[in-house]
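Dear colleague,

I am passing on the structure we spoke about, and my notes on it come after the coordinates. Please read the two side by side.

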Amino acid sequence: MSMEDQLPNLASRIAALRRDLHAHPELAFEEHRTAKVVADHLERLGLEVFRGLAGTGVVARLRVGTSPRAIGLRADMDCLPLQELNVFPHHSKQPGKMHACGHDGHTAMLLGAAEALKDMAAVGHFDGTVYFIFQPAEEHDGGGRVMVEEGLFDRFPMDMVFGLHNWPGMAAGSFGVVEGPVMAGADRFEIEITGHGGHAAMPHQTADVVVAGSALVQVLQTLVSRNTDPLESAVVSVTRFHAGHADNVLPETALLGGTVRTLRPEWQDAMEEGMRRICNGIETTHRVRVSLRFERGYPPTINSEAPTLLAREAARRVAGSERVFTHLKPSMGAEDFSYLSRVVPGCYVWLGNGPGEGGCTLHSPHYDFNDDIIPTGIRYWAKLVERALAPE
Ligand code: NI
């Protein structure tokens with residue numbers, strides 16, 4: 001039976017599995033039930049399954065023919081700390097936890113692809129090794145990073161790695177396949193300002209951390225407006241500013257924090273340097289001490305040329321050229337697929353989830369993954385493997 005013949009049945013079983021995952025969401029590094037569902041399913045298919053990478057991560061290997069070529073397909077398994085407001089039967093059974101980013105769909109579709117590819121392997125549709133990578137903790141703490149640190153690519157060498165994310169607001173079943181930066185790097189900063197507190201009516205006897213901090217918030221914006229090439233993109237958002245308790249007391253300290261988003265690793269360096277320079281300037285100007293803690297988070301996700309060409313071709317075969325968008329703007333959100341694709345050339349695509357209105361956006365308490373795109377996702381993974389590991 002061809003993949004097209006078996007797809008309706010496969011897709012409806014995978015949709016049921018997806019709804020089961022949706023009803024039982026698990027947070028970063030706690031995906032024990034999900035990992036068991038995934039690993040058991042892959043074992044039943046007869047794949048070689050490796051459990052326990054990064055705690056709850058699962059890798060499965062499908063080796064076909066004699067070619068040394070190998071590629072990795074990656075899905076994420078974790079949910080968000082969010083109270084679901086949907087009332088449909090498969091709503092979350094876990095208070096305060098929800099699959100509001102569609103990782104239930106990503107996991108289910110990759111399991112469906114593993115099944116389809118297992119059958120295709122039997123009839124010689126490709127030659128090489130496919131790794132199915134199910135990672136924990138995409139939303140938080142970088143499960144992808146931990147898998148790489150624990151030897152993902154040493155134990156399972158691969159030439160290319162591929163990721164996929166559903167995208168509300170893009171027509172259901174359409175694709176975004178863009179070369180270069182597609183998701184931003186996300187760094188965090190915390191700044192403590194220490195001055196001299198005192199009477200609010202006698203500011204000349206103090207070193208005022210509120211005024212210093214206010215100036216700092218303003219000047220930090222010049223990192224974007226005056227330090228970044230106007231044709232490039234960056235974000236500096238101060239999201240916290242805590243100081244003081246009383247109307248007549250100037251406080252001794254202020255604490256600020258926020259996020260920096262950039263699209264190239266070298267701009268992460270430039271932002272950190274610029275922030276240190278500005279903090280030093282504020283110290284001199286306002287006679288305060290400013291200590292900056294700049295913490296690197298997820299790197300930018302940058303799609304390499306060769307895997308992007310393959311992904312584009314696979315998407316076009318599945319959705320038709322007119323439904324594959326190749327010039328979309330990057331998102332300033334972040335994605336820890338970048339920890340994989342900065343080591344091994346990779347491509348991360350968006351799969352349209354349908355209209356994004358009515359609260360059905362990523363991370364909304366009303367969100368749900370669109371089961372109608374499951375056949376498209378399975379087809380995409382299958383066509384991608386066929387292309388990337390075409391018999392030579
Ligand atoms: Ni996500």
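What follows covers the domains, the interface between them and the cysteines.

Please keep in mind throughout that this is a predicted model. The domain assignment divides the protein into domain 1, made of two segments, 3-179 and 304-388, and domain 2, which spans 184-295. The C-alpha centres of these two domains are 39 Å apart, and contact between them involves six residues of domain 1 and eight residues of domain 2.

Together, domain 1 and domain 2 bury about 450 Å² between them, with carbon and sulfur atoms contributing 67% of that area. On the side of domain 1, Pro330, Met332 and Ala334 account for 84% of what this domain buries against domain 2, which is more than any other three residues supply. As for polar interactions, there are zero salt bridges between domain 1 and domain 2, although three residue pairs are in polar contact across the interface. Sorted by class, the residues of domain 1 that touch domain 2 comprise three nonpolar, two polar and one charged.

Turning to the cysteines, a search of the whole structure returns zero disulfides. Cysteine 347 has the sulfur of cysteine 101 as its nearest cysteine sulfur, at 18 Å, and cysteine 347 counts as buried because its relative accessibility is 0%. For cysteine 360, the closest cysteine sulfur is again in cysteine 101, and because the separation is 11 Å, it is too far for a bond. Cysteine 360 also counts as buried, with a relative accessibility of 17%, under the 20% cut-off.

Note on methods
Residues are numbered from 1 along each chain as its sequence is written. This is a predicted model: local features need pLDDT of at least 70, side-chain atom pairs count only at pLDDT 80 or more; totals for chains, interfaces and linings use all residues. Side-chain values use heavy atoms; hydrogens and water are left out. Domain bounds come from an automatic or database domain assignment. Contact means heavy atoms within 4.5 Å. Buried area is the accessible area (1.4 Å probe) that two parts lose on being put together, summed over both. A salt bridge is a side-chain nitrogen of Lys or Arg within 4 Å of a carboxyl oxygen of Asp or Glu. A polar contact is a pair of N or O atoms within 3.5 Å; within protein, one must be able to donate a hydrogen and the other to accept it, and residues adjacent in sequence count only if both atoms are side-chain atoms. Ala, Val, Leu, Ile, Met, Phe, Trp, Tyr, Cys and Pro count as nonpolar, Asp, Glu, Lys and Arg as charged, and the others, Gly among them, as polar. A disulfide is a pair of cysteine sulfur atoms within 2.5 Å. Buried means under 20% relative accessible area, exposed over 50%, partly exposed in between (1.4 Å probe, protein chains only).
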